[in-house]
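Please keep the sequence and the coordinates at hand.

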Amino acid sequence: MAYRGEKPACLLVCSSHPKGVSAQSFIHAFTLTSSTFNIYLATPDGKTIDFVDVNEGNRQWLAEFKSKPISKPHLLENMDGTQFLALVIPSCPGALYDLASSPFMAGILKTFMAEKSSKWGEVHVVVDSHVVTGQNEQSTLTAVQNLILISNASALIAGEDIHAQFDPEEYFGMYRQGFSAYAPGLPEFFLKQFHTAFSSLSSGSLSVLDYGSGPSILGAISAAPVAKEIVLSDFVENNRIAVEKWLAGDSKAFDWTSYFKYVINDLEGLGSEKVKEREELIRNKVKAVVACDVNKHPPIEEEYCREYDVVMCCLVLQCATQSKAEFEAGMKRLATLVKPGGLFLFVGVIRTAEVGFYVVANKRFRSYGVSHEMAKETMEKAGFSDIKQESIPAKNDDKSVQAYFFMQGKKM
Ligand SMILES: C[S@@+](CC[C@H](N)C(=O)[O-])C[C@H]1O[C@@H](n2cnc3c(N)ncnc32)[C@H](O)[C@@H]1O
């Protein structure tokens, strides 16, 4: 194999199996390495590459690439590893079916391990997203971190899987521990915000919706005295069943007494005898516990899809969405449930990364990361004004979560 020009040679090996090569990974591998190296593309039998995950963003690049002579692969079987300074294998779903069992691929890798280790010491090959091979000491850390990041992202529970995986009994564990692993005092923080918001509303005739109440009735504690009717809602049927159990006074239902006491004694300055009274008030005011899905239209059961005086949504929207577009669309759907002039109470998490997660009994649920600014802008775009905001810092040991916020806005 003769070098072309001054640049060192890089062997870019791809699968030629119909399961293909990731278009985006190939484009990254090719464009980044071609500035430093002369690229030699090779596949088993020299067969043309089947690109997968082709989309509007990469179609044109691939069409131009395919029109160039460099796109015609060399025979992997003819490649002599000693002639190349670098070896790159982009993400290839097809690799498991040909490269992984190819003796020629093995030969090239062996050459790289033996020949290059003294010169570069940098053999790091990701054969497929969850298989990392050939890394040396220097690259092990990055490779394994990448592997963990990839597997973390793919193992996070999201979307329809939440139905089966979100277990109210496990979630109650978080309330038993006061969310201490996340931000000590988190439930007290949002209960205090709800208390302040509802105390400013004097009417006893308000309609209130807790959107995504989960298995909890906490939002209703401060809402009940000013509400005429309260609707609770959640995506997960088992959560709705847990709420119904509490409403029915089932002795096996979760015991919220300590949180009732916090609101009634500490925030409202009333005696503990009022706790039972408030529980009864909530049982009278809650008119329905209904299904909801913020990613669908209507976002709540048809009969309850109307405008409410107050809508609260606590730690839900980020758990239900996975992108800015979904987050914004979800917020707009929530806004349709608030009357003009009505109040929207929104609790969420400020994260440093877009992909985050929260853990319930060792299960990791995906949570979309937003900044303060983005949360506020999204509320404004959805039609809320007079936005006020409070936050508490997250516990320091989770660097990806900065704070928990409470925002309230008025529907224009
Ligand atoms: C962290 S829990 C919060 C529950 C409750 N609001 C609280 O503060 O404890 C997240 C909630 O989001 C709900 N959820 C997940 N996906 C959803 C979706 N697509 N639409 C509406 N709610 C969803 C879950 O069922 C779960 O109850």
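Val-401 has 23 C-beta neighbours inside 10 Å and therefore counts as buried; the term applies when 20 or more other C-beta atoms, placed from the backbone, lie within 10 Å of a residue's own, whereas 12 or fewer make it exposed and values in between partly exposed. The model is a predicted one, in which local features need pLDDT of at least 70 and side-chain atom pairs count only at pLDDT 80 or more, while totals for chains, interfaces and linings use all residues. Residue numbers start from 1 along each chain as its sequence is written.

Val-401 is part of strand 17; helices (H or I, at least four residues) and strands (E, at least two) are DSSP runs, numbered from the N terminus. Apart from neighbours within four places in sequence, Val-401 is in contact with Val-349, Arg-351, Gly-356 and Ala-394, contact meaning that the C-beta atoms, placed from the backbone, lie within 7 Å. Val-349 is 52 residues away from Val-401 in sequence, yet their C-alpha atoms are 7.0 Å apart.

Strand 17 (401-411) also receives the buried residues of helix 14, which pack against helix 13 (324-335), strand 13 (338-351) and strand 16 (384-393) as well. Within helix 14 (residues 372-381), Ala-375, Thr-378 and Met-379 are buried. They lie on the same side of helix 14 because they cover an arc of only 100° around the axis, taken over the directions from the helix axis to the C-beta atoms. Glu-373 and Lys-381, on the other side of helix 14, are exposed. Gly-383, with a positive phi near 105°, follows helix 14.

Strand pairing comes next; two strands pair if DSSP finds at least two bridges between them. Strand 14 (residues 355-360) and strand 15 (residues 363-368) run antiparallel and are joined by six bridges, with Val-355 opposite Tyr-368. The two strands form a hairpin with two residues between them, and Ala-361 in the turn has a positive phi of about 50°.

An open sheet of four strands, paired in parallel, has the order 5-3-1-6. Its edges are strand 5 (74-75) and strand 6 (86-88), each pairing on one side only. Strand 1 (residues 9-13) and strand 3 (residues 38-43) are linked by five bridges, and Ala-9 faces Asn-38 of strand 3.

Finally, there is the ligand. Among the 19 residues around the ligand, Gly-214, Phe-235, Val-294, Cys-314 and Ala-320 come nearest; a residue is near if its C-beta atom, placed from the backbone, lies within 6 Å.

Conventions: Two residues are in contact if their C-beta atoms, placed from the backbone, lie within 7 Å.
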